[in-house]
Amino acid sequence: MKINVSNVNTPNWQEVSVKSHIPSELIKLSELANNIWWAWNYEATELFRDINPALWKEVGHNPVLLLERMSYAELGALIDDKVIIRRMNDVYAKFRLYMEVEPDNTRPSVAYFSMEYGLHQTLRIYSGGLGILAGDYLKEASDSNVNLCAVGFLYRYGYFTQSLSMDGQQIANYEAQNFSQLPLERVTDENGNPLVIDVPYMDYFVHANVWRVNVGRISLYLLDTDNDMNSEFDRPITHQLYGGDWENRLKQEILLGIGGILTLKRLGIKKEVYHCNEGHAALINVQRICDYVAEGLTYNQAIELVRASSLYTVHTPVPAGHDYFDEGLFGKYMGGYPAKMGITWDDLMDLGRNNPGDKGERFCMSIFACNTSQEVNGVSWLHGKVSQEMFSTIWKGYFPEEMHVGYVTNGVHFPTWSATEWKHVYDRNFDENFLYDQSNPKIWQAIHDVPDEAIWKTRMDLKNKLVDYIRIQFRETWLKNQGDPSRIVSLMDKINPNALLIGFARRFATYKRAHLLFTDLDRLSKIVNNPDYPVQFLFAGKAHPNDGAGQGLIKHIIEISRRPEFLGKIIFLENYDMHLARRLVSGVDIWMNTPTRPLEASGTSGEKALMNGVINFSVLDGWWLEGYREGAGWALTEKRTYQNQEHQDQLDAATIYSLLETEIIPLYYARDGKKHSEGWVKTIKNSIAQIAPHYTMKRQLDDYYAKFYNKLGKRFNMLAANSYAKAREMAAWKEEVASKWDSIEVVSSEKSEELLQGCVESGMAYDITYVIDEKGLNDAVGLELVATYIGADGKQHVFSVDPFQVVKKEGNLYTFQLKKTVDTAGNFKVAYRMYPKNADLPHRQDFCYVRWFN
């Protein structure tokens with residue numbers, strides 16, 4: 001027979017994971033590596049770095065991968081390194097002392113839900129500010145020892161890694177994460193088997209693996225659908241952060257909300273407060289209602305308990321930024337839930353609509369979150385006001401300024417974002433209890449006692465560190481995407497740590513106005529090419545892959561940066577992540593931010609810079625509107641001069657150039673024969689002393705407790721006590737009021753002729769009387785006189801609200817009286833507002849029934 005040239009079958013490859021065997025003498029290193037605590041404790045990161053500096057850099061500062069990549073022989077050699085062993089024992093002792101503190105159970109317990117968490121660059125489950133904030137929040141919750149757990153997603157690809165083409169186009173690269181090489185662990189059930197959560201979708205289940213990230217004392221549970229139990233249509237649910245179409249987005253939000261609650265149930269975790277960080281997790285309240293109804297409560301009773309324990313934090317300042325779903329798509333996945341909630345399909349849809357009953361209106365997650373949460377907040381004082389306006393149509397009958405929508409201004413986790421060099425400065429000069437009392441302004445005043453030379457040296461050390469990082473880290477990528485090696489060498493040589501370095505790094509959305517600096521290129525060229533006073537600008541940031549305008553802006557900046565007059569003076573650093581962010585916020589001199597007012601909900605990058613002696617130069621928007629102090633930074637006014645945005649941009653650009661030319665650059669270079677600028681150091685000290693203590697994450701967490709968590713926990717426990725007795729009572733009361741509301745009757749009214757004619761005099765008092773038939777509601781009605789005026793913005797605003805007093809009761813007839821003294825002359829509009837009243841209501845919008853009359 002003829003012999004074939006080859007006979008080879010296809011191998012059935014088996015995946016074998018070879019785990020590094022950690023000797024018992026080094027097991028403490030493994031425990032440290034698997035708790036993100038190391039990310040904000042420099043003794044721990046320096047320990048891992050010094051074990052093998054080259055490998056530490058190669059593995060991207062990931063201690064789990066560091067230990068895995070070390071050979072058994074290398075690990076064995078460590079055992080004989082007495083210095084490393086001593087340091088390991090010291091760090092581990094500090095870690096165990098930290099971990100063994102019991103949670104503070106005097107404060108309400110919290111379950112926190114977010115689509116993203118920025119804990120460290122090695123764990124790519126974040127994209128930008130929202131995630132970084134959530135990560136900082138968990139770290140501070142750990143440091144403050146509160147009873148909190150969190151839920152999110154373990155993304156296979158996370159957010160994209162950014163690279164740039166030769167012509168400056170952004171390229172989005174999605175790189176798979178190897179979960180076994182990350183600081184996390186599979187959660188197991190009571191039998192030691194990997195825990196899987198079955199989440200109902202239509203007529204089938206999606207199966208989610210559950211992972212845990214140990215964030216100090218806090219557990220972060222992450223759901224992952226990329227497994228063989230799911231179909232090819234459902235595995236990608238947790239592939240990408242903010243990726244896919246609207247159907248995938250809905251599937252993600254079902255998993256986060258409904259799957260998140262099912263996860264906590266399966267783990268036996270119950271909390272007093274449930275906090276949605278943005279509207280993505282709003283569907284937690286669907287599942288929570290279902291669970292209470294399954295216990296035997298009615299929908300109206302269940303929603304009392306759910307609302308009383310829910311907080312929704314909005315980060316978006318415009319309605320278009322919220323998630324809306326067509327009824328058909330929403331019904332495809334959520335159609336079975338109304339029956340479990342004890343309501344109709346239309347009832348569920350109306351909970352997500354501004355105008356209940358409007359069949360043409362899509363379901364909005366944010367509106368649903370507002371309708372099912374007792375408390376709602378924005379993330380700065382101004383954003384709180386913007387949010388009151390944005391959500392005002394949900395609670396008709398009240399003006400925006402009367403809304404219960406509050407605010408907590410964002411902060412940053414000081415131990416994460418303060419460079420080690422600055423921590424040493426603070427440790428040497430601040431009170432020993434500083435870390436436990438970061439929000440105390442008196443402690444920060446000690447910065448004024450630090451010698452100017454020490455401040456300047458710290459700043460220069462960090463600038464040199466940044467410049468060295470840029471030269472080493474970006475040389476290879478610049479050679480790849482800019483082509484001409486001689487140009488790269490020239491660029492490297494021109495990066496000057498002695499120049500005034502100005503940083504602009506953030507998400508490249510058009511409202512951030514990164515283009516503003518390039519409005520007048522001739523003027524900008526004169527600024528950056530002054531040989532006596534060199535200035536350099538560093539840009540970084542990603543644009544969403546679907547944001548063509550944002551990507552175009554990046555390309556435009558890169559094109560300008562390659563022009564001869566700007567080479568080495570305008571530099572774009574690609575792939576902005578937490579590691580690069582830490583370098584930038586500690587290494588530049590000025591942190592610039594130029595958003596279109598009032599579209600910066602808060603912004604936190606400037607707060608990170610603040611902790612490192614970097615001075616802010618920003619539009620008075622978001623946090624800087626509250627934070628700015630004269631002599632501690634620079635500001636562009638929050639007031640608009642032009643309605644035309646192009647004209648406003650031109651004015652703001654001219655203001656930026658002028659401030660740079662006349663104030664900022666001269667102050668930086670005013671050395672007066674010294675190596676440093678006394679005026680600049682004074683500005684740094686003012687910035688740290690007057691602003692920094694107010695923008696720590698500790699202050700933010702304490703604010704959430706003081707403004708929201710404490711009252712939510714107290715009210716929820718009151719409603720839930722004695723088998724939900726008060727919840728049942730409140731639901732019954734609301735049902736009775738609702739059934740009789742339209743029949744409540746104004747029997748009579750008495751007003752002076754002047755009031756009837758609408759012509760009164762200031763300084764005079766007027767008596768007003770109403771008799772109202774409450775139809776058996778037993779003093780459940782309130783009445784007030786509302787006076788409004790037309791503001792400079794052309795809108796109607798509340799001038800005064802005067803409550804009536806009940807002076808007589810005869811059967812169902814209640815007599816209401818008000819003696820109104822008019823103090824101010826002018827033109828006003830007045831009307832009388834009737835509303836339900838009950839001492840156990842948290843605020844008016846909780847039961848938003850209103851009737852107006854004259």
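Close-up 1. S748 stands opposite V771 in β22. The model is a predicted one, in which local features need pLDDT of at least 70 and side-chain atom pairs count only at pLDDT 80 or more, while totals for chains, interfaces and linings use all residues. Residues are numbered from 1 along each chain as its sequence is written, and side-chain values use heavy atoms, with hydrogens and water left out. Strand β21 pairs with strand β22 (residues 765–773) in the antiparallel sense over five bridges. Two strands pair if DSSP finds at least two bridges between them; strands (E, at least two residues) and helices (H or I, at least four) are DSSP runs, numbered from the N terminus. Both strands belong to an open, antiparallel sheet of four strands, ordered β21-β22-β26-β25. Its edge strands, β21 (745–750) and β25 (805–810), each pair on one side only. From one strand to the next, the twist averages 20°, with axes as lines fitted to C-alpha atoms and angles running from 0 to 180 degrees between N-to-C directions.

**Close-up 2. The open sheet β24-β23-β27-β28.** The four strands of this sheet are paired in the antiparallel sense. β24 (796–803) and β28 (851–853) stand at the edges with a single partner strand each, so one side of each has no neighbour in the sheet. The twist here averages 35° from one strand to the next. Strand β23 (residues 781–790) runs antiparallel to β24, and seven bridges join them. Y789 has H797 in β24 as its bridge partner.

**Close-up 3. Strand β1 and its parallel partner.** Strand β1 (residues 110–113) has V110 and Y112 pointing one way and A111 and F113 the other way; all are buried, that is, under 20% relative accessible area with a 1.4 Å probe, protein chains only. β1 and strand β2 (residues 148–153) pair in the parallel sense over four bridges. A111 stands opposite C149 in β2.

**Close-up 4. Aromatic rings.** There are 53 aromatic pairs in the structure. Rings of Phe, Tyr and Trp (its six-membered ring) pair if their centres lie within 6.5 Å; planes over 60 degrees apart count as edge-to-face, under 30 as stacked and the rest as tilted. F153 and Y155 are an edge-to-face pair, 5.7 Å centre to centre with 80° between the planes. F153 is buried, with a relative accessible area of 1%, and Y155 is buried at 0%. Y668 and W680 also form an edge-to-face pair, at 5.0 Å centre to centre and 85° between the planes. Y668 lies in helix α26 (residues 645–668) and W680 in helix α27, twelve residues apart. One aromatic cluster is formed by Y112, Y117, Y137, Y704, Y705, F708 and Y709.

**Close-up 5. The second largest cavity.** The structure holds two cavities of 30 Å³ or more. A cavity is a set of points on a 1 Å grid over the protein atoms alone where a 1.4 Å probe fits but cannot get out, and lining residues have an atom within 4 Å of a point. Two or more residues come from each of α19 (452–482) and α27 (678–690), and α19 gives the most, with four.

Terms used. 1 Å grid on protein atoms, 1.4 Å probe; cavity = no way out; pocket = protein on both sides within 12 Å on 5 of 7 lines; lining within 4 Å. Points joined across faces, edges and corners; volume = space filled by probe spheres on them. Buried < 20%, exposed > 50% of the residue type's maximum accessible area, 1.4 Å probe, protein only.
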